There are 2 protein chains.
Amino acid sequence: MKVICTKDNLKKALTQASRIVGTTSALPILNNVLLKTEAGQLLISSTNLEIALKTRIGGQIEEAGEITVPARTFSEYIGNINEEKITLQTKNINLLVKTEKTESILKGLPTEDFPLIPEIKPVATVSINTLDLSQALERVAFASAYSETQPELSGVLFQINATELRLAATDRYRLAESITTLTGRGIEAKLIIPNRAVGELLRILGETEQGVEILIADSQALFRTANSEFISRVIEGQYPDYQQIIPREFTTEIRVKTRELVSALKLSGLFVQDNNNVEMKIRKSDQSLILRATSSKYGSNTSLVQGEVIGNDNEIIFNFRYILDCLNHITQDHVLLKVINNSSPAMIVPQDEASRCLYLVMPIKT
Amino acid sequence: MKVICTKDNLKKALTQASRIVGTTSALPILNNVLLKTEAGQLLISSTNLEIALKTRIGGQIEEAGEITVPARTFSEYIGNINEEKITLQTKNINLLVKTEKTESILKGLPTEDFPLIPEIKPVATVSINTLDLSQALERVAFASAYSETQPELSGVLFQINATELRLAATDRYRLAESITTLTGRGIEAKLIIPNRAVGELLRILGETEQGVEILIADSQALFRTANSEFISRVIEGQYPDYQQIIPREFTTEIRVKTRELVSALKLSGLFVQDNNNVEMKIRKSDQSLILRATSSKYGSNTSLVQGEVIGNDNEIIFNFRYILDCLNHITQDHVLLKVINNSSPAMIVPQDEASRCLYLVMPIKT
């Protein structure tokens, strides 16, 4: 193999590829990236057997071939090169990397040891705007669990119908849901993408502005952008039917400035005990939300947030971190906090009809 | 005590104060900051018995008094307040902190338990420009040791004479020296300021643009800026007479672009064995520096840096990290690397006469 390519293209592809490698030394080939000439391009593949990435970059292919080299060393090396033009050339199972001022031999491993990245046989393909998908994932991903006993919660649920993609994540104490319109026609499908894959997918989507296609297969999903294919296994299992627990009516609603509620929660949060409990009182008389926390060690705090109240006075206790997590993923200026009582989920929605996202948080029972 | 002050002043003072507190729970009072009204200002003091800081901020003193409260909680709390006007008021040994929208009670400790910060009896006082002192400290501090057996190396040497301050730091493998002109008349003095104190001093100097006075006492030094006094113990012991090991003549000199040498070292550095050794060859014939490293695990690298050579061809092995550390503290475009042989220190100097700083690095003997 002999390929001449530009540093920027190679660097970008390797930065992504080197994140999707094995982390144990039990199977050293998984630490490697596979370089392969294919249809006039250089194909760069990496996998940890759970997720896999294939990226194509342009280049001048002087000689076809393939090689595997350690992903992180190669990526770091290319990242530190200052010249634009890079020649990659195989020397047996090693790779000669050459620019005008520097050259290296990177030790490789036999390409036949590199795991085969399975070809997907899609049962359905849907299209979506890249930025829409990124934003929707950002809004929900934080709410998922890391659970070995309930593996189905350790991921984000993708629910597709004819027109939209509905994402959801929950750890049973809180739930996040975000709805996005598809750019093409959809098909009924449900799949759970693991947390780790969602994190990597977000990074990959950040690098592209074009659309993304989701190819759905039995036990895998493939996300295809202009230059890359990202493959993830899907989590087997039944996702809880969360729709039935979303309350339709509330006793009390308050509309507040998002940043003001964030500040007040941070102040009260300094005075919580280990349980993170903050008491929240919604008061109709002066249209306000009053937060209160007391710590036997540090002291106590009372903070007031002005708002607009609909319904009765109410008083509920929350783990303040759960509320803060939701607010930190809301970019809108105002939010609505809707509550019933200490044993029913409360709802937080950004006040912006277009956003189509909601959060549920379970209060602390007293 | 009752004081009304602005958030920004209080926040800045507390951020600094909360860094200079004890870290063990053995003496809880050392985690606290002492607030005290004094001459129409609010004096904020903290100490960990090794170093101490006193900062004064303006405010409306409605009632004189003093109190101690946990430094970090107080600092974090004030940092999260969004309003400008803050009222601080003692309630027995607790502190009521009040703004329009939030109020807290912070639990205090008796002020009589707070350690006395010793008054310095200076034998000499010298003045220096704040930015000059910061820059000189930044240039040398990284080269000091963290040595229990040679405590005198675990700090920066301040050598003062009639006109200048000469700073030095070494860990016996490398040495950094930087010379700065005093703004007033100096006096002969030598003192070693501990690493930790140098780190905090740099942060404090970063907050002021005015000059700094150094008050030298027997076992302490005080750095006085417009609003603060920073006190550190000095390290007892004899600093090595490093002047005698600085070579005056060299066999080979090469002048290179700083950033080019940095890049080449980073590339070679990816291929070193555990010993970090990089071989550097200075070649008169093509006016270049050639770096070479070989790793049994990853492969090998050869990089070339163009330069201007004076003297003979030469070949020396360095721990590349020592060279990189020096270069990372050089802001000038060009550096001179001056070498003799593998058993004599090499010198690195930024090529800018005004900078008055130099680095020595010991090569690896072969």
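This is a predicted model: local features need pLDDT of at least 70, side-chain atom pairs count only at pLDDT 80 or more; totals for chains, interfaces and linings use all residues.
View 1. The C-alpha atom of L96(A) is separated by 6.5 Å from that of L106(A), a residue 10 positions apart from it along the chain.

View 2. V339(A) belongs to strand β23, formed by residues 334-339 of chain A, and is buried, with a relative accessible area of 2%. A217(A), by comparison, is 122 residues from V339(A) in sequence and 40 Å from it in space, C-alpha to C-alpha.

**View 3. Packing of helix α3 against helix α4 in chain A.** Helix α3, made up of residues 130-141 of chain A, packs with α4(A) at an angle of about 145°, the two axes being 10 Å apart, and α3(A) passes α4(A) in a left-handed crossing. From α3(A), the contact is made by T130(A), L133(A), S134(A), L137(A), E138(A) and A141(A), while α4(A) contributes V198(A), L201(A), L202(A) and L205(A). By class, the residues of this contact between α3(A) and α4(A) divide into seven nonpolar, two polar and one charged.

**View 4. Burial of helix α4 in chains A and B.** Helix α4 of chain A, residues 195-205, is largely enclosed by the rest of the structure, because eight of its 11 residues are buried. In α4(A) the buried residues are N195(A), A197(A), V198(A), E200(A), L201(A), L202(A), I204(A) and L205(A). Helix α4 of chain B, also residues 195-205, is mostly covered, with eight of its 11 residues buried; the buried residues of α4(B) are N195(B), A197(B), V198(B), E200(B), L201(B), L202(B), I204(B) and L205(B).

**View 5. Packing of helix α5 against helix α6 in chain A.** Helix α5 (residues 258-269) and helix α6 (residues 320-327) of chain A pack at an angle of about 150°, with their axes 10 Å apart, and the two helices are therefore roughly antiparallel to each other. The crossing in which α5(A) passes α6(A) is left-handed. On the α5(A) side, T258(A), R259(A), L261(A), V262(A), L265(A), K266(A) and G269(A) meet F320(A), I323(A), L324(A) and L327(A) of α6(A). This contact of α5(A) with α6(A) has seven nonpolar, two polar and two charged residues.

View 6. Chain A contains six helices and 25 strands, and its C-alpha atoms fill a box of roughly 80 × 50 × 35 Å, taken along the principal axes. Of the 366 residues of chain A, 55% count as buried, and the accessible surface of the chain comes to about 16,500 Å², with 46% of that area belonging to carbon and sulfur atoms. Among the contacts in chain A with a separation of 6 or more, 66% are accounted for by residues 24 or more positions apart.

Note on methods. Residues are numbered from 1 along each chain as its sequence is written. Chains are lettered from A and ligands numbered from 1 in the order in which they are written. Side-chain values use heavy atoms; hydrogens and water are left out. Axes are lines fitted to C-alpha atoms, for helices over the stretch in contact, and angles run from 0 to 180 degrees between N-to-C directions. Helices (H or I, at least four residues) and strands (E, at least two) are DSSP runs, numbered from the N terminus. Angles under 35 degrees count as roughly parallel, over 145 as roughly antiparallel, 65 to 115 as roughly perpendicular and the rest as oblique. A crossing is left-handed if the near helix is turned anticlockwise from the far one by less than a right angle, and right-handed if clockwise. Contact means heavy atoms within 4.5 Å. Ala, Val, Leu, Ile, Met, Phe, Trp, Tyr, Cys and Pro count as nonpolar, Asp, Glu, Lys and Arg as charged, and the others, Gly among them, as polar. Buried means under 20% relative accessible area, exposed over 50%, partly exposed in between (1.4 Å probe, protein chains only). Accessible areas come from the Shrake-Rupley method with a 1.4 Å probe; for residues, only the protein chains shown count as cover.
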